[in-house]
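The questions below go through one protein model, part by part. Each answer ends on what was asked for.

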Amino acid sequence: MSQVIYARVPDTLKDAVDMYAAERGNTLTSAVVDLLERGLVATSEAPSIAELGLRLATAAAQKTEIEASLRSVRLELQTLRSLSERARQTLGSCPRQECSLPITGYDLLVTGHCPSCQEALTDLLKLKAPQPEGTAGQPRAGGVSERDFLLLLGALGAVVGVAYLASKS
Ligand SMILES: [Zn+2]
């Protein structure tokens, strides 16, 4: 079953359709039907192509966002790792004379006592007068190395900084 469409078209379009038909060895009618069908399919698919483009743009934006989050998480992890390494290092020795075993930043700041004799380490956190020339940085008996303690505080400060920035974003 078929119907007739009467349509007046520009000469250039008529010539182009004739050429299309001749190239394929078709009649003018089958060339017009073929071209109309293709045109209708393209028109009906246009919105879905636009939608796909939009989805692609959204996915690309999400990917950029996720990559940025990943970078920041990696940085936070790296900061935490350096704090963890710093906290494992020996800062000084136990203040109890009979013990005087090594004390780490973890013992000093987290557990607050000597891992061997359970002696409280809070006194070690008190600020001390400057040490004499030449002995600065040397762990004294029953004390902590100020240099190592400051390095630990620096690593701790970096973690606090990351947490502060994360809370603002
Ligand atoms: Zn001890």
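Q: Does S100 count as buried, exposed or partly exposed, and what is the reason?
A: In this predicted model, S100 is found in the loop between β1 and β2. A residue needs 20 or more other C-beta atoms within 10 Å to be buried, and 12 or fewer to be exposed. S100 has 16 C-beta neighbours inside 10 Å, so the class of S100 is partly exposed.

Q: What is the phi of S100?
A: Most residues other than glycine have a negative phi. S100 is a residue other than glycine with a positive value, and its phi is near 40 degrees.

Q: Is P95 buried or exposed?
A: P95 has its place in the loop between β1 (90-93) and β2 (102-104). The cut-off for a buried residue is 20 or more other C-beta atoms within 10 Å. P95 has 20 such neighbours inside 10 Å, and therefore counts as buried.

Q: How far apart in space are P95 and A120, C-alpha to C-alpha?
A: In sequence, P95 and A120 are 25 residues apart. In space, the distance from C-alpha to C-alpha is 8.7 Å.

Q: Is Q118 buried or exposed?
A: Q118 is found in the loop between α3 (105-111) and α4 (146-168). Its phi is positive, near 65 degrees, in a residue other than glycine. Within 10 Å of Q118 there are 12 other C-beta atoms, so Q118 is exposed.

Q: In what order do the elements of the protein run from the N terminus on?
A: The protein has four helices and two strands. Read from the N terminus, the order of the elements is α-α-β-β-α-α.

Q: How are α1 and α2 oriented to each other, and why?
A: Two packed helices are described by the angle between their axes and the distance between the axes. Helix α1 (residues 11-24) and helix α2 (residues 28-88) have axes 9 Å apart, at an angle of about 105 degrees. Angles of 65 to 115 degrees fall in one class, which means that α1 is roughly perpendicular to α2.

Q: How many residues of the contact of α1 with α2 are nonpolar?
A: On the side of α1 the contact is made by V17, D18, Y20, A21 and R24, and on the side of α2 by L28, A31, V32 and L35. No polar residues take part, two are charged, and the nonpolar ones number seven.

Q: How many of the 14 residues of α1 are buried?
A: The end C-alpha atoms of α1 are 20 Å apart, which agrees with the 20 Å its 14 residues should span at 1.5 Å a residue. G25 follows α1 and has a positive phi, near 65 degrees. α1 is hardly covered, and its count of buried residues is zero.

Q: How many residues make up the largest nonpolar core?
A: Of the 169 residues of the protein, 11% count as buried. The largest nonpolar core includes L83, L91, C94, I103, L108, C114 and L121. Leaving out residues up to four places away in sequence, L121 touches I103, D107, L108, G112, H113 and C114. With L124, V144, L152 and A155 among its members too, the size of the core is eleven residues.

Note on methods. Residues numbered from 1 in each chain as written. Predicted model: local features only at pLDDT ≥ 70, side-chain atom pairs only at ≥ 80, totals over all residues. Core = buried A, V, L, I, M, F, W, Y, C linked by C-beta atoms within 7 Å. Contact = placed C-beta atoms within 7 Å. Axes fitted to C-alpha atoms, helices over the stretch in contact; angles between N-to-C directions. Parallel < 35°, antiparallel > 145°, perpendicular 65-115°, else oblique. Nonpolar A, V, L, I, M, F, W, Y, C, P; charged D, E, K, R; others polar. Expected span 1.5 Å × (residues − 1).
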